[in-house]
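Please keep the sequence and the coordinates in view while reading.

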Amino acid sequence: MNGRYENTSRSTEHDVRRRGRIRRAIVREFTPPPMPRPAPSEEQLAEGHLAVGMIEDAFEDSPGSDVQGPDTLIISAEAPGGGRLHRTAACPLPVVGGGRRLVGRTIGFRHTTFEPDHVNDILVVRWPREIGKALEPAAQNEGPGTLRARVWGLLAGCGFALLWAGIALTPILLCGIVFGGDMFTDLPAWFRPGAGLAASVAAVPLGLFLVAACTVRENAALAHRSREAGD
């Protein structure tokens, strides 16, 4: 009797353990993965904690596909009281694979929590120097004063065209007047070679003046833009 009761108890315990394993497997199979914690707002991050970390790694988004997004940077920083913070950020460099150039560089960011793996809790406030150098040509086409600089640059180009038109037409008209011939026979009756020669000669100093003056105003507009951007 005792042996039969002992065997029955062991069998019941085994069945209970087996059903527990099956239940845990079912839960793991059909329970959806937890949703990632949403990133804090920019206002919250702007008032968050300041940290200085390092870019430890970078990987491409959808490598090998026709459409690729920016590289993702893996960032880590020391947390107060021990431990490390792990965050991710999109690389601002437009070149695919450009994030690899930033591995090992220092980066400054703000965060709202000290959770080690809250990867979306980040607002970069200081990029590595390589970022500024790479984006400098693009930054020159933005900001206050850019429109004025473009207008003056366009006028300088017009002055340059006027300068070279005067240089090219002056010897042609001069030769036609001096040596005569049929050079002006196909031109309209109202055209006067002497007036055309005077206009072409005057176009040379006028074009030179426009190029110099407009270039000075263009540089002044760019300098004003830089001062306003610095303020």
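**Reading the features of the model**

Q: Does Cys-158 count as buried, exposed or partly exposed?
A: Cys-158 counts as partly exposed, at 45% relative accessibility. The classes are set by relative accessible area, with a 1.4 Å probe and protein chains only: buried means under 20%, exposed over 50%, and partly exposed in between. This is a predicted model, in which local features need pLDDT of at least 70 and side-chain atom pairs count only at pLDDT 80 or more, while totals for chains, interfaces and linings use all residues. Residues are numbered from 1 along each chain as its sequence is written, and side-chain values use heavy atoms, with hydrogens and water left out.

Q: How many disulfides does a search of the whole structure find?
A: A disulfide is called when two cysteine sulfur atoms lie within 2.5 Å. The search of the whole structure returns 0 disulfides. Cys-158, accordingly, is in no disulfide, and its nearest cysteine sulfur, that of Cys-214, is 8.4 Å away. Another cysteine, Cys-91, is buried, because its relative accessible area is 4%.

Q: How many helices and strands does the protein chain have?
A: The protein chain has 5 helices and 5 strands. Their order from the N terminus on is α-α-β-β-β-β-β-α-α-α. Of its 231 residues, 23% count as buried.

Q: How many bridges join strand β1 to strand β4?
A: Two strands are taken to pair if DSSP finds at least two bridges between them. Strand β1 (residues 49-59) and strand β4 (residues 106-111) run antiparallel and are joined by 6 bridges. Within this pairing, Gly-53 has Ile-107 in β4 as its bridge partner. Strand β1 also pairs with strand β2 (residues 72-78), in the antiparallel sense, over 5 bridges. There, Met-54 stands opposite Ser-76 in β2.

Q: Which residue forms a salt bridge with Glu-56?
A: A salt bridge requires a side-chain nitrogen of Lys or Arg within 4 Å of a carboxyl oxygen of Asp or Glu. The structure holds 4 salt bridges. In one of them, Glu-56 is joined to Arg-84, with the closest N and O atoms 4.0 Å apart. Glu-56 belongs to strand β1 and Arg-84 to strand β3 (residues 84-90), so this pair ties together parts that are 28 residues apart in sequence. Glu-56 is partly exposed at 44% relative accessibility, and Arg-84 is partly exposed at 33%.

Arg-84 forms a salt bridge with Glu-78 as well, where the closest N and O atoms are 2.5 Å apart. Glu-78 is exposed, with a relative accessible area of 54%.

Q: Are Arg-87 and Asp-121 buried or exposed?
A: Arg-87 is buried, and Asp-121 is buried too. Their side chains meet in a salt bridge, 3.6 Å from N to O. This pair links distant parts of the chain, since Arg-87 lies in strand β3 and Asp-121 in the loop between β4 and β5 (123-126), 34 residues apart. As for shared partners, Glu-56, Glu-78 and Arg-84 are joined by their salt bridges into one network.

Q: How many aromatic pairs does the structure hold?
A: A pair of aromatic rings is described by the distance of the centres and the angle of the planes. Rings of Phe, Tyr and Trp (its six-membered ring) pair if their centres lie within 6.5 Å, and planes under 30 degrees apart count as stacked, over 60 as edge-to-face and the rest as tilted. The structure holds 1 aromatic pair. Phe-160 and Trp-164 form it in the edge-to-face arrangement, at 6.1 Å centre to centre and with 65° between the planes. Both residues lie in helix α4, 4 residues apart, or about one turn of the helix. Phe-160 is partly exposed at 45% relative accessibility, and Trp-164 is partly exposed at 47%.

Q: Where is Leu-45 found?
A: Leu-45 is found in helix α2 (residues 42-46). Its relative accessible area is 4%, so Leu-45 is buried. The C-alpha atoms of Leu-45 and Arg-110 are separated by 6.0 Å, although these residues are 65 residues apart along the chain.

Note on methods:
Helix = DSSP H or I, 4+ residues; strand = E, 2+ residues; numbered from the N terminus.
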